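Here's a quick briefing on the chain you have open. Have a look at the fold before reading on.

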Amino acid sequence: MDDNWHPCCPPATGLVAPVRRWAEGREGPSAGRVRGPGFLAVSRGWHVPADTPRTPEQRAFEVGCLLPTSGMLTGWAALRLAGASYFEGVEPDRRTPLPVPVLLPHARRLRGPAVVVARTRRELPDPIVRYGVRCAPNDVALLHEIRRASSARAAGVMVDMALAAGVVERPVLRGLVRDVRLPAHATYALGRACAECRSPRESAMLQVWESVAGLPRPLMNREVRDLSGRLLAVVDLLDVDAGVCGEFNGSAHRSARRQSRDEKRHADLRAVGLETFAVVGSDSDDVQVERMHAARGRALWLPGSERRWRVGAFVPAPPLAPVDTEEAEREVIMLEHYAALEDRRSGEPSSPRSR
């Protein structure tokens with residue numbers, strides 16, 4: 001798992017509504033003040049204090065406050081306000097802001113460099129009000145977002161991360177495939193949706209496994225236990241038939257302590273007859289496919305009756321940690337989470353250090 005990421009974001013707090021400059025007896029800052037360094041223009045005639053953080057939530061909230069009553073936020077903005085942290089409202093470089101997507105009736109217009117408009121002749125869906133602004137239902141917002149995805153794989157990651165955050169459900173996504181005419185990359189993303197990926201990198205690795213290597217869908221984020229019930233590891237990818245475990249090693253795996261623990265995990269898995277492979281962010285598709293096929297070539301392919309391991313429970317992402325928690329503290333939370341799971345199932349105390 002990419003340990004620097006969590007599918008959900010904390011509730012938006014401290015959002016600042018834009019104000020209009022003083023005019024015709026209305027309350028608000030004077031024209032002179034808003035032209036000064038203390039205010040930032042967010043739309044024509046509308047301003048926020050210059051020190052307002054430019055978070056994704058704030059940018060979405062500002063546009064939502066200025067929408068006509070017949071409009072609503074959609075795409076990444078609506079999904080972000082729903083709590084799906086993957087949708088940051090930025091280009092793939094993760095720095096350049098994307099415009100805020102809105103949904104309007106066909107006859108309405110809204111202009112501005114910070115806004116991208118989707119219009120429809122159909123009746124608009126019933127909005128969901130979040131933080132006082134109207135948002136499209138999550139499935140509609142996701143549909144708008146994946147239509148604009150840069151590739152089929154990017155669309156697949158979007159769908160998996162919306163599922164990981166719990167803002168959409170797979171049955172609803174299947175209905176969208178049946179009921180709506182979609183571009184090919186969106187149909188692919190919805191049709192192969194996986195509700196077991198906990199990070200974007202895991203979703204991308206799974207898509208390489210299935211779509212590039214041509215291998216059958218594995219299990220994701222499953223406990224692996226020995227026959228006595230002892231938890232050996234929670235693995236990113238598990239090919240049960242072959243007996244292969246795959247891991248995506250993010251930046252948190254670079255420390256000497258973490259590498260030592262990873263090697264022990266792999267040794268424990270190999271000791272019960274499981275083969276392993278790992279990929280990192282710089283690995284090309286060809287490199288990943290080579291490792292996947294090589295691991296399956298080394299695997300034992302034992303029938304269930306001869307295996308010295310068994311599949312445990314699916315492990316969702318641990319509870320959301322504070323946004324300013326250091327990476328080491330996130331690891332402690334993850335280990336304690338796994339230990340608590342084992343305690344509840346085995347009825348015996350266990351130490352996080354034994355994982």
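**The chain at a glance**

Among the contacts in the chain with a separation of 6 or more, 62% are between residues 24 or more positions apart; a contact here is heavy atoms within 4.5 Å. This is a predicted model, where local features need pLDDT of at least 70, side-chain atom pairs count only at pLDDT 80 or more, and totals for chains, interfaces and linings use all residues. Residues are numbered from 1 along each chain as its sequence is written, and side-chain values use heavy atoms, with hydrogens and water left out.

**Overall make-up**

- You'll find 11 helices and 13 strands in the chain; these are DSSP runs, numbered from the N terminus, with helices being H or I of at least four residues and strands being E of at least two.
- Of the 355 residues, 46% are buried, where buried means under 20% relative accessible area, exposed over 50%, and partly exposed in between (1.4 Å probe, protein chains only).

**Confidence**

- The average pLDDT (the predictor's confidence in each residue, from 0 to 100) is 86, and 84% of the residues score at least 70.
- Residues 323-328 stay under 50, and the model gives them 5 contacts beyond four places in sequence.
- Residues 350-355 are also below 50, with 12 contacts in the model beyond near neighbours in sequence.

**The five-stranded sheet**

- Another open sheet runs β12-β11-β10-β9-β13 across its 5 strands, and its pairing is mixed.
- β12 (275-279) and β13 (309-314) are the edge strands, each pairing on one side only.
- From one strand to the next, the twist averages 50°; angles run from 0 to 180 degrees between N-to-C directions, using axes fitted as lines to C-alpha atoms, for helices over the stretch in contact.
- β10 (residues 231-239) runs antiparallel to β11 (residues 244-248), joined by 3 bridges, and L238 has C245 in β11 as its bridge partner.

**Helices on that sheet**

- Helix α8 (residues 200-212) packs on the sheet, where it touches β9 (219-226), β10, β11 and β12, and its direction makes about 55° with that of β10.
- Helix α10 (residues 285-298) packs on the sheet too, touching β10, β11 and β12, at about 175° to the direction of β12.
- The α8 and α10 axes come within 10 Å and cross at roughly 75°, which means α8 is roughly perpendicular to α10 (65 to 115 degrees counts as roughly perpendicular, under 35 as roughly parallel, over 145 as roughly antiparallel and the rest as oblique).
- At this meeting point, M205, V208, W209 and V212 in α8 meet D285, Q288, V289, M292 and R296 in α10.

**A look at β9**

- β9 is mostly covered, with 7 of its 8 residues buried.
- On the β10 side, 6 bridges hold an antiparallel pairing, and E223 stands opposite V234 in β10.
- β9 and β10 form a hairpin with 4 residues between them, and G229 in the turn has a positive phi of about 100°.
- β9 also pairs with β13 in the antiparallel sense over 4 bridges; R222 has F314 in β13 as its bridge partner.

Key
Two strands pair if DSSP finds at least two bridges between them.
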